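User: I'd like to walk through this model with you, one question at a time. Shall we take a look together?

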Amino acid sequence: MLEVKDAVVTFPNGLRAVDGVSFNVQPGETVALVGESGCGKTTVARAILGLQPLSEGSIIMNGEPVSRVTAGLAKRVGMVWQDPYASLDSRWTIGRIVSEPAQMLGETINVGELLTSAGLDPSYANRYPHQMSGGQRQRVAIARALALRPPLVICDEPTAALDLSVQAQILNLLQDLKENLGSAFLYISHDLGTVHYLADRVMVMKSGQIVESGSSASVFENPQHPYTQRLLAAVPRIDRLGVIPGSATNTEEEESPAHT
Ligand SMILES: Nc1ncnc2c1ncn2[C@@H]1O[C@H](COP(=O)(O)OP(=O)(O)OP(=O)(O)O)[C@@H](O)[C@H]1O
Ligand SMILES: [Mg+2]
């Protein structure tokens with residue numbers, strides 16, 4: 001479904017932020033891209049969305065080359081950005097935010113149903129982002145990404161800006177969605193621990209290159225590359241929190257709405 005082949009991104013300052021990356025994602029599969037800050041993960045995501053031109057290599061999505069942003073691509077790839085405080089337009093209601101991708105394509109969606117699937121009460125459609133907590137905002141961002149039922153959803157560190165307890169809830173939501181929707185996920189994180197549960201496969205990225213990849217279990221339990229071993233040693237304890245039953249539909253998160 002997604003094929004990234006020998007992709008290189010060179011920035012004007014000469015930095016090869018993505019330095020010959022190849023991988024593919026099959027329908028329904030969850031693949032994690034893991035690596036330290038600055039290794040090039042977001043640049044890979046931006047390239048897949050057509051936001052970042054490649055200097056070498058190619059990206060094929062559903063048989064079509066990706067070279068720029070197109071409405072058709074928006075339908076095939078949903079995106080959840082790292083920071084739910086920055087990624088939602090503060091002047092818009094939640095209903096408008098999650099409907100926007102559909103509206104752009106002249107499609108109608110059931111907002112109430114969509115919010116429910118992300119663990120939010122349908123009445124939240126009339127709220128504004130500042131009336132919601134960080135976890136709730138990230139649920140909105142996830143709902144928006146899923147609105148058009150894209151075959152691929154990219155999540156770029158979707159829990160990085162959230163409290164630990166809320167991180168677990170968002171991970172549970174993603175786990176539920178993964179099981180129920182059949183979409184493929186490309187899940188980006190600096191944290192091997194959080195990807196352990198979600199990912200079928202893990203790719204470890206260092207300085208623009210993928211240095212190790214394999215099934216989630218094998219990379220987690222038997223890391224080959226010293227860099228992967230270092231990442232594992234840095235795994236915070238969230239993986240020990242495990243999956244909290246039922247929390248994916250729990251909108252009463254243990255945090256207060258943020259002030260903007
Ligand atoms: N527009 C740009 N121009 C120049 N350098 C850039 C640009 N965007 C990113 N970089 C650099 O490219 C490298 C990769 O950045 P990228 O954002 O892809 O990393 P990342 O793995 O997503 O990091 P993080 O975990 O902090 O989000 C970094 O060194 C970054 O400073
Ligand atoms: Mg990033």
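User: How many of the 13 residues of α5 are buried?

Analyst: Happy to start there; keep in mind that this is a predicted model. A residue counts as buried when its relative accessible area is under 20%. Helix α5 is largely enclosed by the rest of the structure, because the number of its residues that are buried is 13 of the 13.

User: What span should the 13 residues of helix α5 have, at 1.5 Å a residue?

Analyst: Helix α5 covers residues 134-146. The expected span takes 1.5 Å times one less than the number of residues. The end C-alpha atoms of α5 agree with that expectation, which is 18 Å.

User: Which side chain of opposite charge is nearest to Asp-156?

Analyst: Asp-156 sits in strand β7, residues 152-156, and touches Thr-42, Met-79 and Trp-81, among others. Although buried, Asp-156 has no salt bridge. A salt bridge needs a nitrogen within 4 Å of a carboxyl oxygen, whereas the nearest side chain of opposite charge is 6.5 Å away: Lys-41.

User: Which residue does Lys-41 meet in a salt bridge?

Analyst: The N to O distance in this pair is 3.7 Å. The pair links distant parts of the chain, 116 residues apart: Lys-41 is in helix α1, and its partner is in the loop between β7 and α6. Both residues are buried. The partner of Lys-41 is Glu-157.

User: Where is Lys-75, which meets Glu-107 in a salt bridge?

Analyst: Their side chains meet at 2.6 Å, N to O. Glu-107 is partly exposed, with a relative accessible area of 31%, and Lys-75 is partly exposed too, at 37%. Glu-107 lies in the loop between α3 and α4, so the pair ties together parts 32 residues apart in sequence, with Lys-75 in helix α2.

Key:
Residues numbered from 1 in each chain as written. Chains lettered and ligands numbered in written order. Predicted model: local features only at pLDDT ≥ 70, side-chain atom pairs only at ≥ 80, totals over all residues. Heavy atoms only, no water. Helix = DSSP H or I, 4+ residues; strand = E, 2+ residues; numbered from the N terminus. Buried < 20%, exposed > 50% of the residue type's maximum accessible area, 1.4 Å probe, protein only. Lys, Arg positive; Asp, Glu negative; His and termini not counted. Contact = heavy atoms within 4.5 Å. Lists of a residue's contacts leave out its neighbours within four places in sequence.
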